[in-house]
Amino acid sequence: MGNVVRELDGASDATLFRLMAASANKPGPAQAAFGEMYQRHLDAVYRRCRRFAPALGGAGGAQDLLQDTFVRAFERANTYVPNEGIGPLRERNLTMRWLAQIATRLFLDIREAQIRERETRSQEWYDRRGEEERTLSVHASEKEDGENLSAATEARRKLACSALAALIERDRHIVLVSLDWYDRTKARPFRVPPDVIIAVCEKFQITTDYYRQIRGRAMKQLSGCLTGPRRTAGVA
């Protein structure tokens, strides 16, 4: 095994990928090739993963993404398309781009799962409390007496549910995600973190400007169902 490791020290990336792809038949050389690949590209891949750290909970999330990236690269080594005639420096750049694509796809998968989980939590929150208590009750008249308030609130809740269900999946998703960061006490109640906005935009292939347009239009539609001609709260 030691001789194999020493031989791989100067091997091309294409050679390492070929050995990794043959892990079923030659697990020893495949593991040695993986170790060399890991050490060779560790720093560069970590720099890419570290860019996503804020959305992954910090450095620990970036480290997990780093490990997952190399594991995925090992599992898909047979899909790597080598180009051994371009020189070692360009070959390593090509490998780094390939690894960076894996890291980015894995990151987007994580964000998608987080958004879906948040959407589910938001829907459960609606079912338990009613939409009006978080965003749409701000439009209710504060002058309603206590006897009529409960009935009016329930009516608005039903209207809100119907209006939300009428939105297309993209618009509903954007509204539900936004509600996780809604604070009715603020002048600009929607303060969704930029990385979350970017992830949503990537999911639906839209720009951040269009994301805000969709959110504003959807919230105005919901508000209109509840308040009619009353003045609605601003959407930032």
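User: Is helix α7 enclosed or open, and why?
Analyst: In this predicted model, helix α7 spans residues 169–179, and nine of its eleven residues are buried, so the helix is largely enclosed by the rest of the structure.

User: Which residues of α7 are the buried ones?
Analyst: They are R170, D171, H173, I174, V175, L176, V177, S178 and L179.

User: D171 is in that list. What does D171 touch beyond its sequence neighbours?
Analyst: Setting aside residues up to four places away in sequence, D171 touches I214, R217 and A218. Its relative accessible area is 8%, so D171 counts as buried.

User: Stepping back, how many helices and strands does the chain have?
Analyst: The chain has nine helices and zero strands.

User: How much of the chain is buried?
Analyst: Of its 236 residues, 41% count as buried.

User: And what share of the contacts join residues at least 24 apart?
Analyst: Among contacts between residues at least 6 apart in sequence, the share that joins residues at least 24 apart is 69%.

User: Let us turn to helix packing. How do α3 and α4 cross?
Analyst: Helix α3 covers residues 27–50 and helix α4 covers residues 59–75; their axes come within 9 Å and cross at roughly 140 degrees. The two helices are therefore oblique to each other. Their crossing is right-handed.

User: Which residues make that contact?
Analyst: From α3 the contributors are A30, Q31, F34, M37, Y38, H41, L42, V45, Y46, C49 and R50. From α4 they are A59, A62, Q63, L65, L66, Q67, T69, F70 and F74. Sorted by class, the contact has 14 nonpolar, five polar and one charged residues.

User: What about α2 and α3?
Analyst: The axes of α2 and α3 come within 8 Å and cross at roughly 140 degrees. That angle makes α2 oblique to α3. The crossing of α2 and α3 is left-handed.

User: Who takes part there?
Analyst: On the α2 side are D13, L16, F17, L19 and M20. On the α3 side are P29, A30, A33, F34, E36, M37, R40 and H41. By class, this contact of α2 with α3 has nine nonpolar, one polar and three charged residues.

User: New topic: how many aromatic pairs are there?
Analyst: The structure holds seven aromatic pairs. One of them joins F17 and Y80: the ring centres are 3.9 Å apart and the planes stand at 15 degrees, so the pair is stacked.

User: Where do F17 and Y80 sit in the chain?
Analyst: F17 lies in helix α2 (residues 13–21), while Y80 lies in the loop between α4 and α5, so the pair ties together parts that are 63 residues apart in sequence.

User: Are those two buried or exposed?
Analyst: F17 has 3% relative accessibility and therefore counts as buried. Y80, at 8% relative accessibility, counts as buried too.

User: Which residues do ring pairs link into a cluster?
Analyst: The cluster consists of F34, Y38, F70 and F74.

User: Now A73. Where is it, and what does it touch?
Analyst: A73 is found in helix α4. Leaving out neighbours within four places in sequence, A73 is in contact with M20, W98, L99 and I102. A73 has a relative accessible area of 2%, so this alanine is buried.

User: How far is A73 from M37?
Analyst: Their C-alpha atoms are separated by 9.7 Å, and the two residues are 36 residues apart along the chain.

User: And A103, which residues does that one touch?
Analyst: A103 lies in helix α5, residues 88–129. Not counting residues up to four places away in sequence, A103 touches R48, C49, F52, L65 and T69. Its relative accessibility is 0%, so A103 counts as buried.

User: Last one: what is the phi of Q205?
Analyst: Q205 has a positive phi of about 55 degrees although it is not a glycine. Q205 is placed in the loop between α8 (194–204) and α9 (208–227).

User: Is Q205 buried or exposed?
Analyst: Q205 counts as exposed, because its relative accessibility is 70%.

Key: Residues are numbered from 1 along each chain as its sequence is written. This is a predicted model: local features need pLDDT of at least 70, side-chain atom pairs count only at pLDDT 80 or more; totals for chains, interfaces and linings use all residues. Side-chain values use heavy atoms; hydrogens and water are left out. Buried means under 20% relative accessible area, exposed over 50%, partly exposed in between (1.4 Å probe, protein chains only). Helices (H or I, at least four residues) and strands (E, at least two) are DSSP runs, numbered from the N terminus. Contact means heavy atoms within 4.5 Å. Axes are lines fitted to C-alpha atoms, for helices over the stretch in contact, and angles run from 0 to 180 degrees between N-to-C directions. Angles under 35 degrees count as roughly parallel, over 145 as roughly antiparallel, 65 to 115 as roughly perpendicular and the rest as oblique. A crossing is left-handed if the near helix is turned anticlockwise from the far one by less than a right angle, and right-handed if clockwise. Ala, Val, Leu, Ile, Met, Phe, Trp, Tyr, Cys and Pro count as nonpolar, Asp, Glu, Lys and Arg as charged, and the others, Gly among them, as polar. Rings of Phe, Tyr and Trp (its six-membered ring) pair if their centres lie within 6.5 Å; planes under 30 degrees apart count as stacked, over 60 as edge-to-face and the rest as tilted.
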